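Reader: I am new to this structure and would like to learn how to read it. Please take me through it step by step.

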Amino acid sequence: MKEITIKLNGKDEKLPEGSTLADLYAKYKAVNRIVGEVNGEIVYEPSKHVLEDGDVVEIVSFVGGG
Amino acid sequence: MDPTNPPRPPSMDKLTGMMFSRQPEEVNQALAGRTVGIIGLGGLGSHVAYMMAKSGVARIIAADFDKVSATNLARQYYMIDQVGLPKTMALEYMLRFLLPDLEFTSHEEKVTAENVVGIFGEADLMFECVDDADTKAMLFEVARTSMSRVPWVFASGMGGAHSASEMKVRQVAANIAVVGDETHPDTEGVTISRVMLAASMQVLTGVRMLMGEEP
């Protein structure tokens, strides 16, 4: 399977081609309230957003507490 | 010293000058005349307000819809006889002792995507200090869109009694930093030490952003 390389929170990350942002969330077992940005834009439907080679992805995981 | 004629306290101007004489000059300059906004006055927000007042900021705008409860006292900057008071009012009382010239504007209401700009439009720096994860995420969108001209400091992950070494500061957009471990929620229980650690990291990060430094 072909791989793509993205930048996740500042670090290189390899993923299978065709991966969505939701796949990336699942890979990190992220169960919290997540906000994801791809190339500086907030993504509202992560399961429909297919990642591409060279994408810059920022994931912020919000958990309760304040 | 003549005990019947004790020395008079220094004037307010002189006092204020003395208060900040040991703080780095670039910090004093970054905070001079500045307004900070604080959303939520719980364990994070009450201590962020305390530290910003101690640091010499000119004005604080704060919003919280809640009242002080007994379960808050082990962790938040309130006193036993303030139980039942709105947190906005309880905090105003506490801040009065910290910085004589501080201007404090409070809103006893829940902050929403609709009212946030109206309440905090004059702020030069924003602190997200709410406890609810969905509200944090909503405010993140505000910080990326309608209020992207000012720096924001978010906090996520300060629950439990995990090591301080798990806490980090991360710049996630040009105007946004997040502090905390991004992992441990308050359902693991909360300690004043870890919540104050997050609040302290928020304040330092926010001041650095006002100084034009990396978070």
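Author: Let us start with chain A. Along its sequence, chain A runs β-β-α-β-β-β. That gives 1 helix and 5 strands. Helices (H or I, at least four residues) and strands (E, at least two) are DSSP runs, numbered from the N terminus.

Reader: What should I know about the model and its numbering?

Author: Residues are numbered from 1 along each chain as its sequence is written, while chains are lettered from A and ligands numbered from 1 in the order in which they are written. This is a predicted model, where local features need pLDDT of at least 70, side-chain atom pairs count only at pLDDT 80 or more, and totals for chains, interfaces and linings use all residues; side-chain values use heavy atoms, with hydrogens and water left out.

Reader: What is the radius of gyration of chain A, and what does the globule rule give for 66 residues?

Author: The radius of gyration is taken over C-alpha atoms, and the globule rule is 2.2 Å times the number of residues to the power 0.38. Chain A has a radius of gyration of 12 Å, close to the 11 Å from the rule for 66 residues, so chain A is as compact as a globular protein of that length. Along the principal axes, its C-alpha atoms fill a box of roughly 40 × 20 × 20 Å.

Reader: How many of the residues of chain A count as buried?

Author: Buried means under 20% relative accessible area, exposed over 50%, and partly exposed in between (1.4 Å probe, protein chains only). In chain A, 42% of the 66 residues count as buried.

Reader: Which residue of chain A has a positive phi although it is not a glycine?

Author: Asn9(A) is one of them, with a phi of about 45 degrees. Asn9(A) sits in the loop between strand 1 (3–8) and strand 2 (11–16). Its relative accessibility is 30%, so Asn9(A) counts as partly exposed. Asn39(A) also has a positive phi, of about 50 degrees, and is not a glycine. The loop between strand 3 (33–38) and strand 4 (41–42) holds Asn39(A). Asn39(A) is partly exposed, at 47% relative accessible area.

Reader: Now chain B. How many helices and strands are there?

Author: Chain B has 7 helices and 7 strands. Their pattern along the sequence is α-α-β-α-β-α-β-α-β-α-β-β-β-α. The radius of gyration is 18 Å, close to the 17 Å that the globule rule gives for 215 residues, so chain B is as compact as a globular protein of that length. Its C-alpha atoms fill a box of roughly 60 × 40 × 35 Å, taken along the principal axes. Buried residues make up 50% of the 215.

Reader: How do I read a nonpolar core, and which residues have the most contacts inside the largest one?

Author: A nonpolar core is a set of buried Ala, Val, Leu, Ile, Met, Phe, Trp, Tyr and Cys residues joined through side-chain atoms within 4.5 Å. The largest one has 44 residues, and Ile38(B), Met52(B), Ile60(B), Leu95(B) and Phe127(B) have the most contacts inside it. Helix 7 (residues 192–210) of chain B supplies the largest share of this core, 8 residues. Another core, of 28 residues, lies apart from it; among its members are Phe62(A), Val111(B), Ala137(B) and Val150(B).

Reader: Is Lys87(B) buried or exposed?

Author: Lys87(B) is buried, with a relative accessible area of 3%. It belongs to helix 4 (residues 87–95) of chain B. Contact means heavy atoms within 4.5 Å. Not counting residues up to four places away in sequence, Lys87(B) touches several residues, including Asp64(B), Asp66(B) and Tyr78(B).

Reader: Where is Thr183(B), and what is it in contact with?

Author: Thr183(B) lies in the loop between strand 7 (176–180) and helix 7 of chain B. Leaving aside neighbours within four places in sequence, Thr183(B) is in contact with Val63(A) and Gly157(B). At 42% relative accessibility, Thr183(B) counts as partly exposed.

Reader: How many positive and negative side chains does chain B have?

Author: Lys and Arg count as positive and Asp and Glu as negative; His and the chain ends are not counted. The place of a charge is NZ of Lys, CZ of Arg, CG of Asp or CD of Glu. Chain B has 18 positive and 27 negative side chains, and the centres of the two sets lie 4 Å apart. For chain A, the mean positions of 8 positive and 12 negative charges are 6 Å apart.
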